[in-house]
Amino acid sequence: MVTVGGDRKLLHCIRAAYIFSEEEIVYATRIQLTWTHLRSLMFIEDKLARSFYMEMCHIEHWDTRTLDQKIDGQLYERTAISRKPENVIKKELAYVKDTNQLLPDLVFRSSYFLDMLGLPDYFSEKDLESAIITQMQQFINELGSDFAFLSRQKRITVDAVDYYIDLLFFHRGLRRLVAIDLKLGKFKPEYEGQMLLYLRYLNKNERKEYEESPIGLILCSEGNTEHIEYLMLDEESPIKVAQYYTQLPDKNLLSEKLQRAIAIAKAHYTERELDRKDK
């Protein structure tokens with residue numbers, strides 16, 4: 001006699017056999033994903049998103065609870081890689097699979113959820129920075145597991161003028177310094193110039209021989225979608241821009257916003273590639 005629970009397990013097994021190829025199942029076993037991992041992954045309809053989560057589970061050693069949280073938080077849709085054409089995504093995920101090395105577009109996102117900070121309705125950039133320091137572990141969990149905190153208000157001096165980098169991290173997988181600038185309101189073009197100054201200073205004075213060049217992340221409290229998408233997709237730029245949420249947005253509204261952003265980004269990416277071919 002088969003129990004209800006047994007029926008459910010059997011259906012999951014049938015679904016897994018239908019969703020995953022034999023090669024994927026062998027690979028999942030080799031990288032030590034459990035049946036519970038596969039059960040969460042099999043309900044992701046987008047094959048590229050499923051591959052993304054599988055690789056991130058392997059590289060960042062996610063347990064099944066973390067995997068479920070990342071899926072529920074639409075991590076794939078918030079990363080730069082989801083904004084690219086399908087053939088480019090496949091190529092980059094294959095590179096990650098073959099080399100076991102992360103790419104920046106899998107790490108940085110168009111939006112971050114900072115609801116764990118418990119900020120009031122009105123706050124300053126200083127309040128935001130202090131809250132991040134207080135809740136550092138949760139903040140790093142949202143950024144990604146390979147981030148290591150180095151400094152707060154890192155002072156750099158250029159032509160006898162002092163500047164301060166809000167937060168300085170090191171990403172072990174990317175082997176790069178990551179400078180984070182916190183901003184209230186929408187992104188402004190002058191923020192990019194300021195961050196570029198920080199990165200050039202870090203590259204010249206702080207970068208170790210074994211490190212790659214530094215990356216900057218500008219976090220803004222309001223999202224101006226096209227600005228963010230253009231900078232997120234510019235592979236030649238060392239600067240990423242993202243919006244942060246201090247309260248979790250409605251999931252359906254967030255999903256609609258992300259899908260619109262992905263459509264804008266893919267159109268921009270295609271247009272840019274066509275322009276390159278014409279030159």
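The conversation below goes from the overall fold to single residues.

Student: What kind of model is this?
Tutor: This is a predicted model, in which local features need pLDDT of at least 70 and side-chain atom pairs count only at pLDDT 80 or more, while totals for chains, interfaces and linings use all residues. Residues are numbered from 1 along each chain as its sequence is written, and side-chain values use heavy atoms, with hydrogens and water left out.

Student: How many helices and strands does the chain have?
Tutor: The secondary structure comes to 13 helices and 6 strands. Helices (H or I, at least four residues) and strands (E, at least two) are DSSP runs, numbered from the N terminus.

Student: How are the strands arranged?
Tutor: The 6 strands form an open sheet with mixed pairing, in the order S1-S6-S5-S4-S3-S2. The edge strands, each pairing on one side only, are S1 (111-113) and S2 (147-158). Two strands pair if DSSP finds at least two bridges between them. On average, neighbouring strands of this sheet are turned by 35 degrees against each other, direction ignored.

Student: Which way do S4 and S5 run?
Tutor: Strand S4 (residues 176-183) and strand S5 (residues 215-220) run parallel, and 6 bridges join them.

Student: Is S5 mostly covered or exposed?
Tutor: S5 is mostly covered, since 6 of its 6 residues are buried, where buried means under 20% relative accessible area, exposed over 50%, and partly exposed in between (1.4 Å probe, protein chains only). Ile215, Leu217 and Leu219 are buried on one side of S5, and Gly216, Ile218 and Cys220 on the other. In a regular strand the side chains alternate between the two faces of the sheet.

Student: Which helix lies across the sheet?
Tutor: One is helix H9 (residues 125-134), which lies across S2, S3 (161-171), S4 and S6 (239-245) and runs at about 140 degrees to S2. Axes are lines fitted to C-alpha atoms, for helices over the stretch in contact, and angles run from 0 to 180 degrees between N-to-C directions.

Student: And the core, which residues touch the most other members?
Tutor: In the largest nonpolar core, of 53 residues, these are Tyr53, Phe169 and Ile180. Helix H4 (residues 47-60) gives the most to this core, with 8 residues. Apart from this core lies another, of 17 residues, including Leu177, Tyr191, Leu202 and Cys220. A nonpolar core is a set of buried Ala, Val, Leu, Ile, Met, Phe, Trp, Tyr and Cys residues joined through side-chain atoms within 4.5 Å.

Student: What does Phe169 touch?
Tutor: Not counting residues up to four places away in sequence, its contacts include Met136, Phe139, Leu143, Phe147, Val178 and Ile180. Contact means heavy atoms within 4.5 Å.

Student: Changing topic: what lines the largest pocket?
Tutor: The largest pocket is lined by 22 residues, of which Gln69, Lys70, Arg78, Phe113 and Glu142 lie nearest its centre. Helix H5 (64-72) gives the most to this lining, with 4 residues. The volume of the largest pocket is about 540 Å³. On a 1 Å grid over the protein atoms alone, a pocket is an open set with protein on both sides within 12 Å along at least five of seven lines, a cavity is a set of points where a 1.4 Å probe fits but cannot get out, and lining residues have an atom within 4 Å of a point. Grid points are joined across faces, edges and corners, and a volume is the space filled by probe spheres set on the points.

Student: How many cavities are there of 30 Å³ or more?
Tutor: The structure holds 2 of them. The second largest cavity has a volume of about 40 Å³, and its lining includes Met56, Trp62, Leu106 and Gly144.

Student: Which residue has a positive phi although it is not a glycine?
Tutor: Ala160 is one of them, with a phi of about 65 degrees. Ala160 lies in the loop between S2 and S3 and counts as exposed, at 75% relative accessibility. Arg175 also has a positive phi, of about 55 degrees. Arg175 sits in the loop between S3 and S4 and is partly exposed, with a relative accessible area of 39%. Most residues other than glycine have a negative phi.

Student: Last one: is Ile31 buried or exposed?
Tutor: Ile31 is buried, with a relative accessible area of 9%. Ile31 touches Met54 and His58, not counting residues up to four places away in sequence.
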